[in-house]
Amino acid sequence: MVRPMSGVVLHLPEAETITCRGFCSRCGHEHTLGAGPAIAAARELWNALQHHGRLDFDVPPEQADSAFSLELLHGPARGQMFGVLAYEDGADRRGVLRAFSGQYNSLWRVPGWVDPLPDIREYQALNEPEEARIKSLSREMQALASDDLRSRALRRERLARCRELMLQLHALYRLRNFRGQEKSMAEVFLGGGGMPAGTGDCCSPKLLQHAALHGLRPLGLVEFYYGRANRSETRRHGQWYPSCEGKCAPILGFMLCGLGGGSDAD
């Protein structure tokens, strides 16, 4: 079967291009990570996705799970960011990690891909009952006129519950850097207005967290977009993108600290 956009070529950065960066309040410097050897790894991942049309391409076709099909990304759900991190371990052996942003088809974990930052059992235990209550409030509001006093009260309650839930969920995210330090995401985040939804769920934080937890030294990182363009047209199939400014840069400075790239002074 020919998949949509299967002939598109992946556009990649130059090896020296900075693809991941952030300011670290601990040492007062910006830390960076370039594309480096992750360019080849990104091309290999792109080719595997194009060829197999699924995320679980490490297993034989007869064992493939339809939940991991890439057809999802060409439809109403639109596309998604994917990332690779080239690393070196303590024995000077090189390897590659891969990640997808957020959830894939409402799933946090896919075999062969790095895990999300929070403990998913804790996350779901906190999120599911409160999310059900928030949806219930939305349904109650839909049955009332927008200027109804009851509707206004429900709207205020829903907003308060959404804000509180976001704070509680973000508290589950613990970030590790390459100095062996660990802090909550709220302690690390730099920026006004609070943390945006989805902070900590992009490819870069997932990849760096896994590397820091497992004693791996990052050599390069590349992220690219696969699938139908997002609604704002800021993400297009086959294009690479640096780590985002709104959600990633405010935490990546801490996460990269101790790696040795950029300005990494004590």
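Against which elements do the buried residues of α6 pack? In this predicted model, local features need pLDDT of at least 70 and side-chain atom pairs count only at pLDDT 80 or more, whereas totals for chains, interfaces and linings use all residues. Residues are numbered from 1 along each chain as its sequence is written, and side-chain values use heavy atoms, with hydrogens and water left out.

Helices (H or I, at least four residues) and strands (E, at least two) are DSSP runs, numbered from the N terminus. Helix α6 spans residues 249-256, and eight of its eight residues are buried (under 20% relative accessible area, with exposed over 50% and partly exposed in between; 1.4 Å probe, protein chains only). Its buried residues pack against β1 (18-24), β2 (29-34), β5 (174-176), β6 (182-184), α4 (185-188) and α5 (203-213). Gly258, which follows α6, has a positive phi near 100°.

The structure holds 16 salt bridges (a side-chain nitrogen of Lys or Arg within 4 Å of a carboxyl oxygen of Asp or Glu). One of them joins the side chains of Glu88 and Arg217 at 3.0 Å, N to O. This pair links strand β3 to strand β7 (residues 217-226) across 129 residues. Glu88 is buried at 14% relative accessible area, while Arg217 is partly exposed at 41%.

Asp89 lies in the loop between β3 (80-88) and β4 (94-100) and counts as buried because its relative accessibility is 17%. Its side chain makes a polar contact with the side chain of Arg93 at 2.8 Å (N or O atoms within 3.5 Å, one able to donate a hydrogen and the other to accept it; residues adjacent in sequence count only if both atoms are side-chain atoms).

Terms used
Contact = heavy atoms within 4.5 Å.
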